[in-house]
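Subject: Handing over the structure, with notes on what was found

Dear colleague,

I am passing this structure on to you, together with an account of what turned up when it was examined.

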Amino acid sequence: MKRNLSLLMACVFCLPLFAQDGSLDVPFNISGTAYMRSVQKLSNGKIIATHSNSTTGGIIYYNSDGTSFPFTFQSQPQQTGFSNNWIQDVVEQPDGKILFIGANNSPKIFRYNADGTLDSAFQANLGTGVNMKALKAIVEPNGKIIIIGSFTSFNGNNKGCIVRLNADGTIDNSFVSTGTPSSVGITDIIRLEDGKFYITGPNISIFNGQSMLSSTIRINNDGTIDPTYQPIQGASFVKIALQSDNSIIGAGDSFVWKLNPDGTQSNFGPFVNLGGNTIQVNLNNSSGKVAGLHIQNDNKIILTGTFNKISGTNVPNHIIRFNPDGTVDTSFSPGTGASQEINTSQLTNDGKILIGGFFSQYNGIARNYIARLNNNTPPLYSENLLQRNEFNINDVDFVLYPNPTAGSFTIQTSANMINGMIRVNSILGQEIKEFQVVDLLSNSELPKGVYFISIEKEGISMTKKLIVN
């Protein structure tokens with residue numbers, strides 16, 4: 001009996017222990033040096049952070065455990081003055097090259113090879129680049145790059161707030177979109193699986209010559225407006241994200257809405273059961289500010305920024321998670337949250353949350369400007385479908401999304417798996433289908449059931465479970 005009790009106790013202590021979602025990942029302890037503007041986990045597990053304390057550079061490279069990693073980017077972008085001149089976005093391409101968006105010095109866009117050397121041919125093709133602020137870049141599966149911001153021209157060509165570049169940095173003139181520049185411009189963009197885009201930004205009054213007061217605009221892959229999408233007007237979103245049914249979560253600085261796939265507003269938020277449709281975001285009694293908007297693969301919503309009240313109720317400082325219907329998720333436990341504003345965040349493919357900003361503590365524990373939080377649910381999409389955040393080009397890893405799914409799903413692979421084989425087997429081992437990897441994104445559809453998806457190339461394979469409800 002004593003022996004059985006000992007075995008039972010041993011088994012109990014062998015059970016996996018999961019840190020609570022939203023809590024500080026204590027072993028990850030980076031001491032930042034200044035206000036963090038952007039953080040990005042790369043495919044090799046390392047982390048790039050950009051900060052504000054240097055007129056040239058301000059870029060730090062970390063190992064995945066938070067220890068510093070000696071690495072130098074040649075001819076680093078300049079960062080001077082206030083936030084308008086800081087690096088706004090860091091994007092890793094599928095080939096390992098890294099884009100920095102929003103520097104102070106022309107062309108305000110810089111691309112580096114994986115070894116840190118400047119991609120001089122790409123830089124030469126950019127010419128003078130954008131004439132004002134660049135905010136964000138996304139890389140399409142074919143290697144083309146879309147830049148958004150508040151600029152009016154690119155390399156001397158009229159380009160209002162949005163431009164698409166070929167992979168070599170030259171302008172893609174087949175992309176015809178142009179917006180009305182403002183002090184804010186186009187602030188966010190999402191690429192859909194069919195190649196179309198959602199864009200948003202306050203004060204977009206004219207787009208492609210048409211009057212636009214919409215909360216979001218859907219454009220075709222060539223930049224023309226998709227006339228079949230007629231969204232609600234009047235909302236000034238700064239961030240947008242997709243749920244698995246293609247509903248849009250849109251966040252302004254002081255509110256969050258949910259739009260149905262056809263663009264109409266949905267009931268949503270803490271008072272959804274009473275017909276409410278808005279989440280109010282405030283700092284004390286003033287408007288708040290949204291910095292990050294992330295959708296988990298269970299459709300829960302993570303919001304970061306500058307706030308401590310949600311629809312009149314006090315909440316942890318500057319970070320919160322909502323259920324898919326907009327009610328507050330009480331299982332997310334950040335304690336007191338960040339001591340000051342969160343200015344940037346990333347939900348990485350392992351589910352953890354990177355945050356950067358002006359804080360010196362998280363839940364009372366010292367953390368200067370950058371921290372990593374525990375979270376057990378990965379993103380629904382790999383950060384807007386476009387940024388290749390987690391793949392190691394030397395690995396066979398892949399991502400399935402959404403998972404669970406209602407039928408349709410996407411398999412996102414690393415570039416070195418092109419020409420590999422994907423096999424779909426039932427839970428009983430029966431082969432359902434087989435096809436070759438021809439692009440980084442492969443779309444498919446299955447009836448209700450549990451499946452095992454395998455990818456294989458040159459004798460190396462990996463298998464993951466897919467649930468179709």
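A residue is called buried here if its relative accessible area is under 20%, exposed if that area is over 50%, and partly exposed in between, with a 1.4 Å probe and protein chains only. Two points on how to read what follows: this is a predicted model, in which local features need pLDDT of at least 70 and side-chain atom pairs count only at pLDDT 80 or more, while totals for chains, interfaces and linings use all residues. Residues are numbered from 1 along each chain as its sequence is written, and side-chain values use heavy atoms, with hydrogens and water left out.

The chain as a whole

The secondary structure comes to two helices and 38 strands, where helices (H or I, at least four residues) and strands (E, at least two) are DSSP runs numbered from the N terminus. Of the 469 residues in the chain, 55% are buried. Taking contact to mean heavy atoms within 4.5 Å, 49% of the contacts between residues at least 6 apart in sequence join residues at least 24 apart. The chain exposes about 19200 Å², of which carbon and sulfur atoms supply 50%; these areas come from the Shrake-Rupley method with a 1.4 Å probe, and for residues only the protein chains shown count as cover.

Gln123 lies in helix 2, which covers residues 120-126, and with a relative accessible area of 12% it is buried. Its side chain makes polar contacts (pairs of N or O atoms within 3.5 Å; within protein, one must be able to donate a hydrogen and the other to accept it, and residues adjacent in sequence count only if both atoms are side-chain atoms). The side chain of Gln123 reaches the backbone nitrogen of Arg111 at 2.8 Å, and the backbone oxygen of Ile109 at 3.2 Å. Leaving out residues up to four places away in sequence, Gln123 touches Pro107, Ile109, Phe110, Arg111 and Leu118.

Strands are said to pair if DSSP finds at least two bridges between them. Three strands form an open sheet in the order 22-23-26, with antiparallel pairing. Strand 22 (289-295) and strand 26 (319-322) are the edge strands, each pairing on one side only. Strand 23, residues 301-306, pairs with strand 26 over four bridges in the antiparallel sense, and Leu303 has Ile320 in strand 26 as its bridge partner.

Apart from neighbours within four places in sequence, Val256 is in contact with residues including Ile249, Phe268, Val281 and Leu303.

Loops and a hairpin

Thr405 is placed in the loop between strand 32 and strand 33 (408-413), and is buried, at a relative accessible area of 5%. The side chain of Thr405 reaches the backbone nitrogen of Gly407 at 3.1 Å, and Thr405 touches Leu466, Ile467, Val468 and Asn469, not counting residues up to four places away in sequence.

Strand 34 (residues 421-426) and strand 35 (residues 431-436) pair in the antiparallel sense over five bridges, with Arg423 opposite Glu434. Four residues stand between the strands of this hairpin, in which Gly429 takes a positive phi near 95°.

Most residues other than glycine have a negative phi. Cys161, although not a glycine, has a positive phi of about 75°; it lies in the loop between strand 10 (157-158) and strand 11 (162-165), and counts as buried at 1% relative accessibility. Asn363, likewise a residue other than glycine, has a positive phi near 50°, but counts as partly exposed at 38% relative accessibility.

With kind regards
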